[in-house]
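Subject: Structure for your review

Dear colleague,

Please find below the structure that I am handing over to you. My notes on what was found in it follow directly after it.

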Amino acid sequence: MDSAAIDLFDTSRFEASRNRLASLAYRLLGSAADAQDAVQDAFLRWQAADRQQIKAPEAWLTKVVTNLCLDRLRSAQARRERTVGAWLPEPLLDGDPMLGPADTFEQRESVSLAVLTVMERLSPIERAVYLLREAFSYGHAEIAEILDITESASQQHLHRARTRITAARRRGGEVDPASARRIVEEFLAAATSGRTERLVAMLTDDVIAISDGAGLAEKLLRYDTPQRVAAIARGGFKPTPAKRRLAGGAPAIHYALVNGAPAILFVLGDQVIGAVTFDIVNDKIATVRGIAAPTRLVRLTEAWRQHGPDTPLIAQW
């Protein structure tokens, strides 16, 4: 086999792993753009390596991508951005290959916006061990090899990560899809019509609303108590001429699944200009996340453009 054929063969081997690597990187970093950069850096290292000496390409690539992501998480810039509280995970439309394996509850949960946010409380190494074990089913011996730690250290990191995630996660398990859609539709109807009492009744007592302020705020905007969240929802969802001017028109509002959770998307033309996701616990809304910063909606918009047509909940907001 000549060198050109070898390069083509080795490139095809990398491409066969690309989606899995991107899914791992996204879970570690919470950013599709950063995940793509990490995978591309891994490809450059793959090309530069003596590939004939790599006996287990999948393991080698997993190790490279994991450690590239850990370097990013430990960087001064990443620590600064995440410390000031200006970070939310980048939302992805269901069906995006970057969401990766979803056969088990643990795999689905690991890519939810709720758990991606909770994982910010873990150290980078705890985050890596947790994801490699829970989402990708690696054994502790394999994780130890990937991260250059001992098996006992891997077990300890996993125990700490599980403890912290269990303590922080909302209870209630997975929500029936039909029930989730009904709850979101009722929430939207109450918010756009200004029915505050109905909104309050739909929220858990410890509800939290988080917004990125369309990327204009230095820190995330946070609201708690059912009354405050209902007031913010009523004010934010009720359409006005001023809001339409700010949006650049009258967007349609669509129901969607984002990172496995029910969501509504504000769509103007073929551009997603806002996403609101919901965590539902025991048929009530426990968390509302508003994401409108354009940089966080790039990949979601790309996926939406490939999305089949559906009937919007509101044709012109």
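**Helix 7 and its partners**

Helix 7 passes helix 8 in a right-handed crossing; a crossing is called right-handed if the near helix is turned clockwise from the far one by less than a right angle, and left-handed if anticlockwise. On the side of helix 7 (residues 124–134), the contact is made by Ile125, Ala128, Val129, Leu132 and Arg133. Helix 8 contributes His140, Ile143, Ile146 and Leu147. Contact here means heavy atoms within 4.5 Å. By class, this contact has seven nonpolar, one polar and one charged residues (Ala, Val, Leu, Ile, Met, Phe, Trp, Tyr, Cys and Pro count as nonpolar, Asp, Glu, Lys and Arg as charged, and the others, Gly among them, as polar).

Please note that this is a predicted model, in which local features need pLDDT of at least 70 and side-chain atom pairs count only at pLDDT 80 or more, while totals for chains, interfaces and linings use all residues. Residues are numbered from 1 along each chain as its sequence is written, and side-chain values use heavy atoms, with hydrogens and water left out. Helices (H or I, at least four residues) and strands (E, at least two) are DSSP runs, numbered from the N terminus.

The axes of helix 7 and helix 8 (residues 140–147) come within 10 Å and cross at roughly 140°. Axes are lines fitted to C-alpha atoms, for helices over the stretch in contact, and angles run from 0 to 180 degrees between N-to-C directions. Helix 7 and helix 8 are therefore oblique to each other (angles under 35 degrees count as roughly parallel, over 145 as roughly antiparallel, 65 to 115 as roughly perpendicular and the rest as oblique).

Helix 3 also passes helix 7 in a right-handed crossing. The axes of helix 3 and helix 7 come within 10 Å and cross at roughly 145°. From helix 3, the residues in this contact are Thr62, Thr66, Leu70, Leu73 and Arg74; from helix 7, they are Pro124, Ile125, Arg127, Ala128 and Leu132. They divide into six nonpolar, two polar and two charged.

Ser137 is found in the loop between helix 7 and helix 8. At 53% relative accessibility, Ser137 counts as exposed (buried means under 20% relative accessible area, exposed over 50%, partly exposed in between, with a 1.4 Å probe and protein chains only). Phi of Ser137 is near 60°, a positive value in a residue other than glycine. Most residues other than glycine have a negative phi. Glu142, in helix 8, is partly exposed at 43% relative accessibility.

**The nonpolar cores**

The largest nonpolar core holds 48 residues, of which Phe14, Tyr26, Met119 and Leu147 touch the most other members. A nonpolar core is a set of buried Ala, Val, Leu, Ile, Met, Phe, Trp, Tyr and Cys residues joined through side-chain atoms within 4.5 Å. The elements that give two or more residues to this core are helix 1 (3–29), helix 2 (32–48), helix 3 (57–74), helix 6 (113–118), helix 7, helix 8 and helix 9 (151–168). Helix 1 gives the most, with eight residues.

Leaving aside neighbours within four places in sequence, Phe14 is in contact with Leu21, Val39, Ala42, Phe43, Trp46 and Leu61. A second, separate core of 27 residues includes Phe187, Ala190, Val229 and Val276.

**Other buried positions**

Leu199 is found in helix 11 (residues 196–201) and is buried, with a relative accessible area of 0%. Beyond neighbours within four places in sequence, Leu199 is in contact with Phe187, Ala190, Ala191, Ala230, Ala233 and Arg234. The C-alpha atoms of Leu199 and Val229 are separated by 8.6 Å, although these residues are 30 residues apart along the chain.

Asp10 lies in helix 1 and counts as buried at 5% relative accessibility. Apart from neighbours within four places in sequence, Asp10 is in contact with Trp46 and Arg51.

In helix 14 (residues 298–305), Arg299, Leu300, Thr301 and Trp304 are buried. The buried residues of helix 14 pack against helix 2, strand 3 (252–258), strand 4 (261–268) and strand 5 (271–281).

Yours sincerely
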